[in-house]
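Q: Can you walk me through one buried spot here and then the aromatic side chains? I'd like the cut-offs spelled out as you go.

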Amino acid sequence: MTDEQSRSRRAAIAAFACAALNAGAALGMLLFLRPGLMPSPHRLDFIREYATPWRAAWGLWIVTAVSLAIFYIALQRATAGPRAAVWIAIAGLVPDIGAELIYIAVYPTLATADLGRFDRLCGLLSATLGNGAYTVVWHLLARRGPFPRLAIPGIAAGYGMALAGIFYHPAALAVTAAVAIAAFTLWATLAGCFFWKKATAAATMLPHA
């Protein structure tokens, strides 16, 4: 197997895994996270009642974030994209996972008086710093990767989510996150198909070279 085949195969596997995890985590958000995130006088009651699935859903997002960084590393190597993208992706993991750990450890025991302060903190850490960094990386790598135009709506939504996190606007966060996740999942799936086909084609042609 050539280096190009290996890079394409790793990018394909990482893309499929990342897309699947994003889809699963998005489903978990709809079922177990959204009622505890959107403004409501009963938010904390919901979180306390469903503390185990709440924590599990955030745990899945942590795994998803790690898979995203792995995918970006594989994508950078497969496309010879800018190496800075890898470091930006890794840097984005720190605040993003930090926010998710706060949701897991703190929110089920949070006092109502502290809710607004922690909402703003987690919005800044996850939406602005974490997902903002991921969006920058997606923007940098999509220009050298497959289907760059298809990535545009998701990238725009990602930047919108980063902005919404600064001002902590729950409705804007919900809309931009939904668009960004859906667009990224589709794009990553198609990118996986592209790299898998590229690796397979290279393997088929190799004996005749």
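A: Let's start with Thr176, which is found in helix H7, residues 170–205. Helices here are DSSP runs of H or I with at least four residues (strands are E runs of at least two), numbered from the N terminus. Keep in mind that this is a predicted model, where local features need pLDDT of at least 70 and side-chain atom pairs count only at pLDDT 80 or more, while totals for chains, interfaces and linings use all residues. Residues are numbered from 1 along each chain as its sequence is written, and side-chain values use heavy atoms, with hydrogens and water left out.

Thr176 counts as buried because its relative accessibility is 15%; buried means under 20% relative accessible area, exposed over 50%, and partly exposed in between, using a 1.4 Å probe and protein chains only. Its side chain reaches back to the backbone oxygen of Ala172, at 2.7 Å. Leaving aside neighbours within four places in sequence, Thr176 is in contact (heavy atoms within 4.5 Å) with Ala157, Gly160 and Met161.

Now for the aromatics. The structure holds 15 aromatic pairs. Rings of Phe, Tyr and Trp (its six-membered ring) pair if their centres lie within 6.5 Å; planes under 30 degrees apart count as stacked, over 60 as edge-to-face and the rest as tilted. One of these pairs is Trp54 with Trp58, edge-to-face at 5.9 Å centre to centre, with 75 degrees between the planes. Both lie in helix H3, four residues apart, or about one turn of the helix. In general, an α-helix has 3.6 residues a turn, so residues three or four places apart point the same way.

Both tryptophans are tucked away: Trp54 counts as buried at 0% relative accessibility, and Trp58 is buried too, at 5%. Trp54 has another partner, Tyr103: the ring centres are 6.1 Å apart and the planes sit at 80 degrees, so this pair is edge-to-face. That pair links distant parts of the chain, with Trp54 in helix H3 and Tyr103 in helix H4 (residues 84–105), 49 residues apart. Tyr103 is buried as well, with a relative accessible area of 7%.

Elsewhere, ring pairs link Phe71, Tyr72, Trp138, Phe184 and Trp187 into a cluster. Finally, the charged end of Arg9 sits over the ring of Trp196, 4.9 Å from its centre; that label needs NZ of Lys or CZ of Arg within 6 Å of the ring centre and within 35 degrees of the ring normal.

Note on methods: Polar contact = N/O pair within 3.5 Å; in protein donor to acceptor, adjacent residues only side chain to side chain.
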